[in-house]
Amino acid sequence: MNICWISPSYFPQIIASILEPRTKIQPISSKSDFPTEKIESFLPFNVKSITSTSNPFVKHCLKLRQNSSYRHSHGSVLVVGSTPIREIYSFQERVQERPITLDCLLVLDEAHIPEDLNLQSVRLVRISSTVMKKLSGLQSIDSIEMIALMKIPSTFHSVDDEFLEEDCTTWFENAHRVLVLDGIQDPGNLGTLLRSAMAFGWGGAFLLPGCCDPFNEKALRASRGASFQLPLVSGDWLHLDALRNHYNMKILAAHPANDQKPRRISRLTRDFTDLLADKPLCLVLGSEGGGLSERAKDSSELVSIPMTGEFESLNVSVAGGILLYMLQPENHKDLSSG
C-alpha cells in the first residue's frame, strides 16, 4: 500500500479545490460572446426587497459566487463589499470607453444608499441581514452593506486553439510588461498579484492552465477590484508564444537561486533591470507548491531575488511584488499600435 504524507499547510488549498472545481473557463473572445440573459429572468421587475434565502435570485447569486463554470456561462460575477464595488465603478467611469458593468446592487436593509455611485440605470434591491450573510459567505457582515452583480468585463479573454496570431494585438492595450501566472491555484495569492500588477503599471496578466478563476470570491477580495481593471487573458503556451513572437518579448521567470540542477540564473539587481527597461517582457511566476513548470523553465531566462537570510524561497505574492516593482515600466509607449 502506498502512503502519501500531505503537509497541513496545503489543507486550505485542497478544501478550496473541492468547494470550487478548477473547471476549464469557456473560451470567450469578446464582450459580444457573453450570454445576453437578462437579470429579470431571475429577479422580476416588481421585486424591491428580498428577505428569504430560498429566493430563486439568491440561489442564482450563490452559484455565481461558488461555481466558476456557472459564472462564466452566465457572464456575471458577484462582488461583495463597498470598497471593491466603488473602486471598480469609479475606474470604469474614468475610462469612458468601458461601459459600466453593474447590473444590480443589493443593499442591506436600513443601510445608506451611496451617493457617489450613479445608480440611475441600476436596479437596487434591499436585502435582509440573513440574505446578506448567505450571499457574502462571511461569518460577520458588520462591514458589508452592499453586494453587486456585475458583468465579466470585456477586458477578459479566454482563448482556444482556433485563434489567429494577430488576435493577440487585442488582448492588451499596452504589452510592454505582462505578468504570466503558471498554475497559481491559491485565490488570495492570485488576487494579490493582480493588485500589485495594477499598482505598478503593468499592461495585463496572462493566466496559464492550472490557475484559479480571477473572479473567484477570494481572488476578488484580494485584488480589490483589479480583476475588473487589469486586462486578463486565459490561455496556454501556444497563445503565449504568439504574444511573445508578435511583440518580440523576453520571458523572465522567477526561480530560487539554490536550484539543484545546473541552470544559469540571473540575480535581480538594479543593473539587471536597467538593461531591460526598453525591452518588452513577460514575467512568469510559478505555483505555490511546485514552482515553475518545466516548460516555463525551458522557455524563460531565470531570475532570482537575492536574500541574505536562510529561507529557500518567498511566498509567490511577496516575490511577485518585488519583481513587479523592480521591473515596472516607466513612460513606455503603447506597443499595441506597433
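Predicted model: local features only at pLDDT ≥ 70, side-chain atom pairs only at ≥ 80, totals over all residues.
**β7 and β12**

I started with β7 (residues 177–182) and β12 (residues 281–286), which pair in the parallel sense over six bridges. Helices (H or I, at least four residues) and strands (E, at least two) are DSSP runs, numbered from the N terminus, and two strands count as paired if DSSP finds at least two bridges between them. V178 sits opposite C282 in β12.

Residues are numbered from 1 along each chain as its sequence is written, and side-chain values use heavy atoms, with hydrogens and water left out.

**The eight-stranded sheet**

I looked up the order next: β6-β9-β8-β7-β12-β10-β13-β11, an open sheet with parallel pairing. β6 (156–158) and β11 stand at the edges with a single partner strand each, so one side of each has no neighbour in the sheet. On average, neighbouring strands are turned by 25 degrees against each other, direction ignored. For angles, axes are lines fitted to C-alpha atoms, for helices over the stretch in contact, and values run from 0 to 180 degrees between N-to-C directions.

Then the helices. α6 (residues 187–199) packs on this sheet and touches β7, β8 (204–207), β9 (232–234) and β12; contact means heavy atoms within 4.5 Å. The direction of α6 makes about 175 degrees with that of β7. α12 (residues 316–326) lies across β7, β10, β12 and β13, at about 165 degrees to β12.

I also checked β13 (residues 301–304). It pairs in the parallel sense with β10 (residues 250–254) over three bridges, and L252 stands opposite E301. β11 (residues 265–267) runs parallel to β13, also joined by three bridges, with S266 opposite V303.

**Cores**

Which residues touch the most other members of the largest nonpolar core? L179 and L181 do, out of 75 residues. A nonpolar core here is a set of buried Ala, Val, Leu, Ile, Met, Phe, Trp, Tyr and Cys residues joined through side-chain atoms within 4.5 Å. Buried is under 20% relative accessible area, exposed over 50%, partly exposed in between (1.4 Å probe, protein chains only). β3 gives the most to this core, six residues. Leaving out residues up to four places away in sequence, L181 touches L190, L193, L194, F206, L207, L208, C211 and L285. A second, separate core has 24 residues, including V233 and C282.

**The five-stranded sheet**

This one is open and mixed, in the order β1-β4-β3-β5-β2. Its edge strands are β1 (49–50) and β2 (76–80), each pairing on one side only. α2 (residues 56–66) packs on the sheet, touching β1, β2, β3 (102–108) and β5 (146–151), with its direction at about 90 degrees to that of β2. β1 and β4 (residues 123–127) pair in the parallel sense over two bridges; I50 stands opposite I127. α4 (residues 82–94) lies across β2, β3 and β5, at about 40 degrees to β5.

In α5 (residues 129–136), V131, M132, L135 and S136 are the buried residues. Down the axis they fall within an arc of 120 degrees (taken from directions from the helix axis to the C-beta atoms), so they line one face of α5. Just after α5, G137 has a positive phi of about 75 degrees.

Most residues other than glycine have a negative phi. I flagged E110, with phi near 75 degrees. E110 is in the loop between β3 and β4 and is exposed, at 80% relative accessible area.
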